[in-house]
Amino acid sequence: MDKGIRKVDLFDVSRSCLRRWYVFLPLLIIVAWFTHSAYTSVKPVYYSNAVIGISPPSSRVDQVSDGAAVPRNGLLDIGGAPLIANLTTLGLQQQAAMERVFEGGGVDYGAKMFPVAPGPPQLPQVMVEVTNADPAAVTKTLELVIAEADVTLKALQQQAMVPEGQMMTAFVVSAPGVPGAVRPTRTRSTVAIFVAGLGLSVV
């Protein structure tokens, strides 16, 4: 090993920084200012959601003459209301449905089955979530998606040849609330900026 090569440890670095405090301190102040600016410049976004329920028809045929066909919603026979709610969720995620929402002035949204704890049966409900920098756009999008849920639900039942009188309908379980402000996660990026700046200052 070359004896002329000397290892530099943390104490050596600290002593060097102290000796050149007139260079290191201003650089450290600049790094702190830049880090603070990056932390405070993150703009809040707004979040709200709505829950849409799926309801079976309110009337049924109790008695029919012998040999007469009984109108039924076949989708209820193979999976019940949760299946239809799931199909509605998938339909709202399709590009055609999203484009209709965008054309009405909406923004990106997410649709999923209403979350439940493990164990209980799945509820026939769809949760729609919207996050955007404009709170008015959040509310507008939820209103448009609620209306689109009716269109999507009817279209998928028509494809399954469900009789008009036996179709399930959508209704609002939880109306859109006032969008709440949420700040995106910024701690990790801020720490990374500070560490990088500190390293450059030491060098």
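What share of the contacts in the chain with a separation of 6 or more is accounted for by residues 24 or more positions apart? Such residues account for 73% of these contacts, where contact means heavy atoms within 4.5 Å.

The structure is a predicted model, in which local features need pLDDT of at least 70 and side-chain atom pairs count only at pLDDT 80 or more, while totals for chains, interfaces and linings use all residues. Residues are numbered from 1 along each chain as its sequence is written, and side-chain values use heavy atoms, with hydrogens and water left out.

**Overall architecture**

The chain contains 7 helices and 5 strands. These elements are DSSP runs numbered from the N terminus, with helices (H or I) of at least four residues and strands (E) of at least two. Read from the N terminus, their order is α-α-β-α-α-α-β-β-α-β-β-α. Of the 203 residues, 28% count as buried; buried means under 20% relative accessible area, exposed means over 50%, and partly exposed lies in between (1.4 Å probe, protein chains only). The chain exposes about 13,300 Å², and carbon and sulfur atoms supply 62% of that area. Accessible areas come from the Shrake-Rupley method with a 1.4 Å probe, and for residues only the protein chains shown count as cover.

**Helices H4 and H6**

Two packed helices are described by the angle between their axes and the distance between the axes. The axes of helix H4 (residues 80-92) and helix H6 (residues 135-159) come within 9 Å and cross at roughly 115 degrees. Axes are lines fitted to C-alpha atoms, for helices over the stretch in contact, and angles run from 0 to 180 degrees between N-to-C directions. On the H4 side, the contact is made by Ile84, Leu87, Thr88, Gly91 and Leu92. H6 contributes Val145, Glu148, Ala149, Thr152, Leu153 and Leu156. By class, this contact has 7 nonpolar, 3 polar and 1 charged residues; Ala, Val, Leu, Ile, Met, Phe, Trp, Tyr, Cys and Pro count as nonpolar, Asp, Glu, Lys and Arg as charged, and the others, Gly among them, as polar.

**Salt bridges**

Side chains of opposite charge can pair when their charged atoms come close. A salt bridge is a side-chain nitrogen of Lys or Arg within 4 Å of a carboxyl oxygen of Asp or Glu. A search of the whole structure finds 3 salt bridges, which are listed below.

| Pair | N to O distance |
|---|---|
| Arg100 and Glu148 | 2.6 Å |
| Lys112 and Glu129 | 3.6 Å |
| Lys154 and Glu164 | 3.7 Å |

Arg100 in helix H5 (residues 95-103) and Glu148 in helix H6 are 48 residues apart, and the pair links distant parts of the chain. Arg100 is partly exposed at 41% relative accessibility, whereas Glu148 is buried at 6%.

Lys112 lies in strand E2 (residues 110-113) and Glu129 in strand E3 (residues 125-132), so this pair ties together parts 17 residues apart in sequence. Lys112 is partly exposed, at 35%, and Glu129 is partly exposed, at 24%.

Lys154 belongs to helix H6 and Glu164 to the loop between H6 and strand E4 (169-174), so parts 10 residues apart in sequence are tied together. Lys154 is partly exposed at 39%, while Glu164 is exposed at 55%.

**The surroundings of Gln125**

Gln125 is found in strand E3 and counts as buried at 17% relative accessibility. Not counting residues up to four places away in sequence, Gln125 touches Val51, Ile52, Gly53, Ala85, Lys112, Met113, Phe114 and Val173. Gln125 and Asn86 are 39 residues apart in sequence and 8.3 Å apart in space, C-alpha to C-alpha.
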